[in-house]
Amino acid sequence: MPFPFHVLPYGLRQRIRELVTPPEAYDLQIAVGNDTSGLQPVTILKTIQSVEICDDDAEDVIIGQGLFNFKDQTISEIPQNTVFNATDYLKLKHTTENVLNNPVFHYLHLKNTEGLIIHANMVTQELLQLLAQKVSPTTLELKFRETEVLLPDIFSMFANIQSLAYSNLYCGWARDLANAAKRNICFSNYNVEARFEDVFNFDAGDVDRLLKDNWSLFLYCTLSDDMDIPKAKSDITKYMGSNFKRADSSNGIRLCVSLKKVALFGASECTNIEFILNE
């Protein structure tokens with residue numbers, strides 16, 4: 001049943017409209033149904049694919065409206081009764097939790113936004129907590145140099161994740177994923193420069209649990225000077241143990257490791273090795 005907004009005095013309805021942000025005004029319009037008297041001016045929803053914010057104090061944002069169709073939007077020129085409904089993703093670059101004070105968020109309707117992308121030197125708990133109040137993504141991509149946020153924290157804040165990229169792995173990362181009690185998730189460390197020894201710092205039994213829960217894992221790493229690709233493949237096969245078998249190519253549930261070897265003069269060689277459960 002629509003909210004009985006019409007029973008409020010007209011002046012009170014107008015005062016509520018003055019106090020709310022444009023996204024809140026739009027949600028209020030949906031709640032009250034056809035009778036929007038007292039809610040003028042009516043808020044107009046403009047659907048876009050994505051929005052990118054490149055600085056806490058950015059005066060312009062990048063609006064995506066289709067494949068290769070991006071344009072700069074000056075925040076101060078957005079009409080007061082317009083909100084942008086970003087369907088695909090919100091992307092933040094070089095920002096901190098202070099970005100939530102940027103006036104652009106007064107014009108963003110993020111309840112139906114599927115993806116959240118953050119590329120920053122530091123990703124903090126506060127930043128993610130504030131964003132979790134605005135967006136509930138199914139796809140979350142975190143690329144950072146430092147963070148205090150561990151994988152269990154992410155799942156506690158974003159309950160609807162189906163795909164997660166988390167760039168810098170830590171000791172015990174696989175167990176934290178296995179203990180998350182989630183299924184059918186695609187996980188990647190999204191960091192081709194990660195060190196081999198940092199990535200392979202887990203118990204293979206935890207990966208066994210993940211694959212049995214229909215996870216797909218995509219790990220990236222760069223080999224050290226004293227390790228070549230054939231040796232890395234041999235070491236990984238031994239590391240994974242008898243519960244896993246090599247797969248030439250699989251579109252199903254699997255562990256896929258992308259290996260990068262930097263050669264002389266900056267040239268590099270890359271290859272993948274895949275494993276599935278040995279059932």
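**Close-up views of the predicted model**

**View 1. Ala181 in the loop between α5 and β9.** In this predicted model, Ala181 belongs to the loop that runs between α5 (173-178) and β9 (186-188). Because its relative accessibility is 68%, Ala181 counts as exposed. Phe155 is 26 residues away from Ala181 along the chain, and the C-alpha atoms of the two are separated by 9.8 Å.

**View 2. The interface of domain 1 and domain 2.** The domain assignment divides the chain into domain 1 (44-168 + 177-190) and domain 2 (192-278), whose C-alpha centres lie 29 Å apart. Contact between them involves 13 residues of domain 1 and 15 residues of domain 2, and together they bury about 1,200 Å², of which 50% is on carbon and sulfur atoms. Twelve residue pairs are in polar contact between the two domains. On the side of domain 1 that touches domain 2, the elements giving two or more residues are α5 and β9, and β9 gives the most, with three residues.

**View 3. Lys91 in strand β4.** Lys91, which is found in strand β4, is buried yet has no salt bridge, the nearest side chain of opposite charge being that of Glu52, 4.6 Å away. Leaving aside neighbours within four places in sequence, the residues in contact with Lys91 are Val51, Glu52, Ile53, Ile117 and His119.

**View 4. The buried residues of helix α2.** Within α2 (residues 22-32), the buried residues are Pro22, Pro23, Ala25, Tyr26, Leu28, Gln29 and Val32, and these pack against α1 (10-19), β1 (44-53), β4 (82-93) and β5 (108-109). Gly33, with a positive phi near 85°, follows the helix.

Key. Residues are numbered from 1 along each chain as its sequence is written. This is a predicted model: local features need pLDDT of at least 70, side-chain atom pairs count only at pLDDT 80 or more; totals for chains, interfaces and linings use all residues. Side-chain values use heavy atoms; hydrogens and water are left out. Buried means under 20% relative accessible area, exposed over 50%, partly exposed in between (1.4 Å probe, protein chains only). Helices (H or I, at least four residues) and strands (E, at least two) are DSSP runs, numbered from the N terminus. Contact means heavy atoms within 4.5 Å. Lys and Arg count as positive and Asp and Glu as negative; His and the chain ends are not counted. A salt bridge is a side-chain nitrogen of Lys or Arg within 4 Å of a carboxyl oxygen of Asp or Glu. Domain bounds come from an automatic or database domain assignment. Buried area is the accessible area (1.4 Å probe) that two parts lose on being put together, summed over both. A polar contact is a pair of N or O atoms within 3.5 Å; within protein, one must be able to donate a hydrogen and the other to accept it, and residues adjacent in sequence count only if both atoms are side-chain atoms.
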